[in-house]
Amino acid sequence: MDSKHVSTIEHVGVTVKFICNRGFSHEAVRHRLSNFSQESSRFCNYSKGKFGKEITVVEPANFDSWTQDQRTAWVTSMKVSESNYFSLLKVGLKPDDARGTLPIDVKTELVMTCNLRQWRQVLKLRTTKAAHASMRELMIPLLKEFKNKIPLIFDDIEI
Ligand SMILES: Cc1cc2nc3c(=O)[nH]c(=O)nc-3n(C[C@H](O)[C@H](O)[C@H](O)COP(=O)(O)OP(=O)(O)OC[C@H]3O[C@@H](n4cnc5c(N)ncnc54)[C@H](O)[C@@H]3O)c2cc1C
């Protein structure tokens, strides 16, 4: 890394599967030198048994620091979103159309492949204090894992 010939680390790719909310995935897919596959909200029907007949949401990263009123309001708002989604399916809309009522906190699965140079770029941007708490919640442990497994390439990135 000291020689600055970082193009050599582009030969190695790493694939990571994130279980995250849609806010996280919206931000992650902005990283253009990456490849993605994602659970489809068009073709997954969350009213089916396969999904437990409910939507799954991801608790915000800083949820525990919220007041009881804030936590209750968030849970209520997720339930309202779920109820709106199911009511649209009930009148015959497809998940394709009903998905508009799903919250950004709905759970998704995102598979992201980058070469090591690009992971350095992603992890530098997405672990700083400026990044969203839900982004940092997943990216900081990921950076620690990279530092642990390939210290030579990731040790200089500060958390
Ligand atoms: C804290 C934070 C807040 C953000 N807020 C917003 C926001 O409010 N609104 C918003 O729209 N976005 C926002 N973003 C997203 C941001 O603008 C970038 O789109 C995103 O971080 C991807 O970074 P990137 O363009 O450096 O790198 P990538 O897309 O990951 O590409 C990697 C690198 O490849 C090179 N590269 C890629 N494509 C090109 C190209 N076409 N031409 C030249 N070089 C290229 C660049 O060197 C780039 O740094 C935010 C990001 C962060 C981290």
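In this predicted model, D156 and R120 form a salt bridge through their side chains, with N and O 2.7 Å apart. D156 sits in the segment after helix 6 (151-154) and R120 in helix 4, so the bridge ties together parts that are 36 residues apart in sequence. R120 counts as buried, at 9% relative accessibility. D156 is partly exposed, with a relative accessible area of 45%.

A search of the whole structure finds eight salt bridges. Side chains of opposite charge can pair when their charged atoms come close. One of the bridges joins E27 to R126, whose closest N and O atoms are 3.5 Å apart. E27 belongs to helix 1 (residues 22-28) and R126 to helix 4 (residues 116-126), so this pair ties together parts that are 99 residues apart in sequence. E27 is partly exposed, its relative accessible area being 27%. R126 has 16% relative accessibility and counts as buried, because the limit for that class is under 20%.

A further bridge links E109 and K107, at 2.9 Å from N to O. K107 is buried, with a relative accessible area of 17%. E109 has 24% relative accessibility and therefore counts as partly exposed. Both residues also belong to a network of salt bridges that links K17, E39, K107 and E109.

Helix 4 holds R120 and R126 among its buried residues. Also buried in this helix are L116, Q118, W119, V122 and L123. Several elements cover these buried residues. Among them are strand 1 (13-21) and strand 3 (107-115). Helix 1, helix 5 (133-149) and helix 6 also contribute to the cover. The N-terminal end of helix 4 is capped by N115. A side-chain oxygen of N115 lies 3.0 Å from the backbone nitrogen of R117.

The residues around the ligand include Q118, Q121, L125 and R126. R30, H31, R32, L33 and A130 complete the set. This shell divides into three nonpolar, three polar and three charged residues. For R32, the distance from a polar side-chain atom to a ligand oxygen is 2.7 Å. For Q118, the corresponding distance is 2.7 Å. For H31, a polar side-chain atom lies 2.9 Å from a ligand oxygen. On its own, the ligand has 950 Å² of accessible area, of which the protein covers 45%.

R126 pairs with E27 in a salt bridge and is one of the residues around the ligand. Q118 is buried in helix 4 and places a polar side-chain atom 2.7 Å from an oxygen atom of the ligand.

S41 is buried, with a relative accessible area of 8%. Its side chain makes a polar contact with the side chain of R99, at 3.1 Å. Leaving aside residues up to four places away in sequence, S41 touches R22, Y46, P95, D96, R99 and L102.

Notes. Residues are numbered from 1 along each chain as its sequence is written. This is a predicted model: local features need pLDDT of at least 70, side-chain atom pairs count only at pLDDT 80 or more; totals for chains, interfaces and linings use all residues. Side-chain values use heavy atoms; hydrogens and water are left out. A residue is near a molecule or strand if one of its heavy atoms lies within 4 Å of it. A polar contact is a pair of N or O atoms within 3.5 Å; within protein, one must be able to donate a hydrogen and the other to accept it, and residues adjacent in sequence count only if both atoms are side-chain atoms. Accessible areas come from the Shrake-Rupley method with a 1.4 Å probe; for residues, only the protein chains shown count as cover. Ala, Val, Leu, Ile, Met, Phe, Trp, Tyr, Cys and Pro count as nonpolar, Asp, Glu, Lys and Arg as charged, and the others, Gly among them, as polar. A salt bridge is a side-chain nitrogen of Lys or Arg within 4 Å of a carboxyl oxygen of Asp or Glu. Helices (H or I, at least four residues) and strands (E, at least two) are DSSP runs, numbered from the N terminus. Buried means under 20% relative accessible area, exposed over 50%, partly exposed in between (1.4 Å probe, protein chains only). Contact means heavy atoms within 4.5 Å.
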